Amino acid sequence: MTTKKKPRHPLAGEMMSGADMIIQVFADEGVETIFGYNGGQVLPTYDALFRYNENKKTQQQLHLVVPANEQGAGFMASGYARATGKVGVFLCTSGPGATNCVTPIRDAMADSIPIVLVTGQVPRHCIGTDAFQEAPVFNIMSATTKHVFLVSDETKIEATVRTAFAIARSGRPGPVVVDVPKDVQNFVGPYQGEGLLELKGYDIRQKIALESRISEHEAKTFFQMLAKSHRPLLYAGGGIINANAAKELRAFSAHFNIPVVTTLMGIGSVDTTHELSLRMLGMHGTAYANYAVEDCDFLIAVGARFDDRVAGKVATFAPNAKIAHIDIDAAEIGKVRQPDWAFVGDARAALQDLMDAGATFKRDFSKWVKLVNKYKKEHPLDYEHNSQLLQPQEVLEELNKITRGDAIVCTGVGQHQMWAAQYFDFHQPRSLITSGSMGTMGFGLPASIGAQIGRPDKTVIDVDGDGSLRMNIGEMDTAVAYGVPIKLLLLNNRGDGMVLQWQRLYFGKRFSGTEKDHRQKDFVKAAQADGFQFARCIDDRRQLPKALKEFVDFEGPAFLEVRIDRDASVYPMVGPGMGYQEMITGPYIKSRVDIQPEVHDIDPEDTI
Amino acid sequence: MKRTISVLVENHFGVLARVSGLFSARGYNIDSLCVGETEIPSISRMTVVVRGDDSVIQQIMKQLNKLVDTIKVEDLTEVDFIERELVLIKVSVNGDRRREVIEIASIFRAKVVDVSPSSMVVEVTGSEGKVEACINMLRPLGIQELVRTGEIAIARSAK
């Protein structure tokens with residue numbers, strides 16, 4: 001985070017309040033939209049925002065989006081960051097405002113998403129007195145952010161907010177929280193227009209990571225391993241998206257003719273319709289991706305972390321493979337699986353270095369590529385075709401015929417999330433926006449609002465479930481209020497489908513707490529009440545193509561509920577804690593083994 | 001295996017909370033954690049004694065290294081180092097036990113720093129082994145109270 005000599009900031013030396021400085025740093029950092037909710041201890045900063053926007057043309061203003069709940073603001077900021085690659089910003093009050101932000105902060109930490117949260121705090125002399133709307137934000141956030149500041153020295157407010165942006169976007173990105181006591185917001189001092197806090201160790205580590213390149217020797221070892229391989233496989237994670245390395249990954253894969261599997265977070269890093277794409281691996285990955293993982297003899301992990309949804313049983317994961325692991329975070333190397341070759345650094349630089357070093361490397365992997373394409377043909381995703389009831393998969397397939405891989409798809413968490421990951425085409429990075437690691441229900445709707453605001457040029461679709469949608473349903477009102485033309489597709493199965501699926505498989509069909517039949521909610525009426533001009537519900541196959549077309553083509557925010565078969569399950573499924581050998585492909589996907597493993601009651605202790 | 005990890009951190013608000021929070025959040029057990037200012041007032045040193053196999057220690061060091069406030073992490077167990085701990089032990093002394101306490105203290109080059117009709121306070125400094133040995137010798141006499149600082153450590157200079 002070294003600062004180059006820049007021309008003096010036009011406001012340098014001007015006296016302003018801490019609150020003004022916060023807003024001015026936002027503007028300097030290129031923030032266009034602030035998501036947030038005003039309240040007692042953050043009033044000065046909201047006032048500064050109002051004054052900043054006064055007498056400015058709309059294009060120069062900092063756009064403010066007020067959610068129904070601060071959690072919504074956090075997910076909007078996160079959706080914005082995920083869709084654009086820029087830092088998402090939200091601004092909330094102390095106490096309950098701040099604690100409502102804990103979930104999106106943890107969610108962003110778990111998915112490595114750069115967001116900055118500024119919270120108001122009670123004045124310094126009141127901290128620790130159990131004051132009205134006081135919460136120990138530093139302590140609470142400490143365990144779950146990349147970094148948290150409590151601004152106790154008022155003269156450092158400007159540098160602290162600027163540093164928060166630098167930390168959020170550098171290295172492995174993540175959320176940063178700045179807790180600002182009200183009296184610090186009211187402090188008046190000269191604006192500097194530049195300057196960061198000194199972070200002795202962090203700055204050096206970032207510099208090393210940024211400058212780290214694959215040495216000749218390291219490249220040689222890598223290509224010795226590749227030269228011995230017959231069945232190499234790229235395993236791409238969210239790190240590719242964060243590093244903006246999709247172009248390099250695609251070039252690498254094409255250059256050496258190596259197929260690619262991606263994690264949920266890595267979807268879009270390669271075009272899912274490409275010959276070398278095997279789509280998603282893992283618990284609900286495609287059968288052919290998981291077969292490729294089982295069969296490969298050299299697995300090249302880039303920006304992925306062998307998490308439990310990918311490697312449920314580490315000991316038998318990619319059992320025949322040597323492992324190469326590239327990651328910006330040294331702590332991920334060897335955390336789960338010890339690699340045979342590793343590089344800590346930027347994924348884009350690493351892939352470029354390897355391509356340069358291997359420019360003359362030649363090895364024929366066409367037999368392997370043919371084999372995985374045979375797997376693709378013989379074990380495709382499939383589902384029930386003989387039911388009267390609408391199947392969720394056919395709804396998404398039909399929608400995909402309209403969007404053709406060019407929409408940004410946001411999701412809640414559960415079955416619909418997995419179906420969306422499985423059945424849509426994704427041509428570009430940042431086109432699937434989903435809560436991968438934390439698995440936060442309620443993510444989809446606010447994230448889609450943030451994504452649409454960040455990418456007004458795109459069709460943004462929130463594929464949601466009835467359980468997930470309920471969690472942040474207040475934000476439907478927000479979408480309409482700000483004229484955000486999201487397309488909200490509700491796949492309603494009147495229950496928490498994924499948990500129901502686990503209860504069917506592992507808990508003797510005892511549907512504890514997961515059925516929603518006793519709930520009376522009329523989602524269409526709710527959408528209408530919130531001002532949706534397009535709000536429909538269908539449950540008939542014949543209506544589907546037309547309804548979806550009109551839904552996507554509608555100019556403003558649109559809501560479409562589709563009543564689906566509540567017994568639909570997500571397949572394939574690698575049970576929790578199990579290996580890929582134990583993958584269940586279900587009744588509609590052909591397995592390559594004759595005998596499917598028995599689903600047995602497994603110890604709930606083991607089910608994560 | 002016991003490991004002594006030395007961590008240089010920024011000496012400011014909340015750093016101890018961040019470090020101890022990391023240990024609890026990731027389920028690592030700490031034997032002891034000592035923190036104090038270094039020769040540079042803006043930098044603190046934490047000496048953390050932990051137990052775990054190599055992969056656990058590796059993870060702990062890497063995770064510590066990720067904290068924004070961390071300046072440097074060093075596993076002292078890998079180098080030649082000096083470890084010291086200070087312990088205050090309040091021992092019961094009825095009758096002629098007083099002499100016994102003084103004798104044990106002198107063997108361990110410990111000091112008697114407080115005396116009352118019913119107790120004596122012994123101050124002992126040394127490595128974990130020495131301190132443990134001294135405590136074990138005093139235990140049969142009746143330890144009323146015991147306070148340990150936890151271990152601090154410094155690497156030896158190359159000779």
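Biologist: Which residues have the most contacts inside the largest nonpolar core?

Modeller: In this predicted model, a nonpolar core is a set of buried Ala, Val, Leu, Ile, Met, Phe, Trp, Tyr and Cys residues joined through C-beta atoms within 7 Å. Buried means 20 or more other C-beta atoms within 10 Å of a residue's own; exposed means 12 or fewer, partly exposed lies in between, and C-beta atoms are placed from the backbone. The largest core has 193 residues. Those with the most contacts inside it are A:I22, A:V116, A:A292 and A:V302.

Biologist: What pLDDT do local features need here?

Modeller: Residues are numbered from 1 along each chain as its sequence is written, while chains are lettered from A and ligands numbered from 1 in the order written. In this predicted model, totals for chains, interfaces and linings use all residues, side-chain atom pairs count only at pLDDT 80 or more, and local features need pLDDT of at least 70.

Biologist: Which residues is A:V116 in contact with, leaving aside neighbours within four places in sequence?

Modeller: Contact requires C-beta atoms, placed from the backbone, within 7 Å. With those neighbours left out, the partners of A:V116 are A:V87, A:V89, A:A164, A:F165, A:A168, A:V176 and A:V178.

Biologist: How many residues are in the second, separate core?

Modeller: This core includes B:I89, B:V91, B:V131 and B:L138. Its count is 13 residues.

Biologist: Why does the radius of gyration of chain A agree with a compact globule?

Modeller: The radius is taken over C-alpha atoms, and the globule rule is 2.2 Å times the number of residues to the power 0.38. For 608 residues the rule gives a value near 25 Å. Chain A agrees because its own value is 25 Å.

Biologist: What share of the residues in chain A is buried?

Modeller: The C-alpha atoms of chain A fill a box of roughly 75 × 65 × 45 Å along the principal axes. Of its 608 residues, the buried share is 53%.

Biologist: What distance separates the centres of domain 1 and domain 2 of chain A?

Modeller: Chain A has domain 1 (15-209), domain 2 (213-378) and domain 3 (392-563), with bounds from an automatic or database domain assignment. Seven residues of domain 1 are in contact with eight of domain 2. Over C-alpha atoms, the centres of domain 1 and domain 2 lie apart by 36 Å.

Biologist: How many residues does chain A bring to the contact with chain B?

Modeller: Chain B brings 16 residues. The contact takes from chain A 16 residues.

How values were computed. Contact = placed C-beta atoms within 7 Å.
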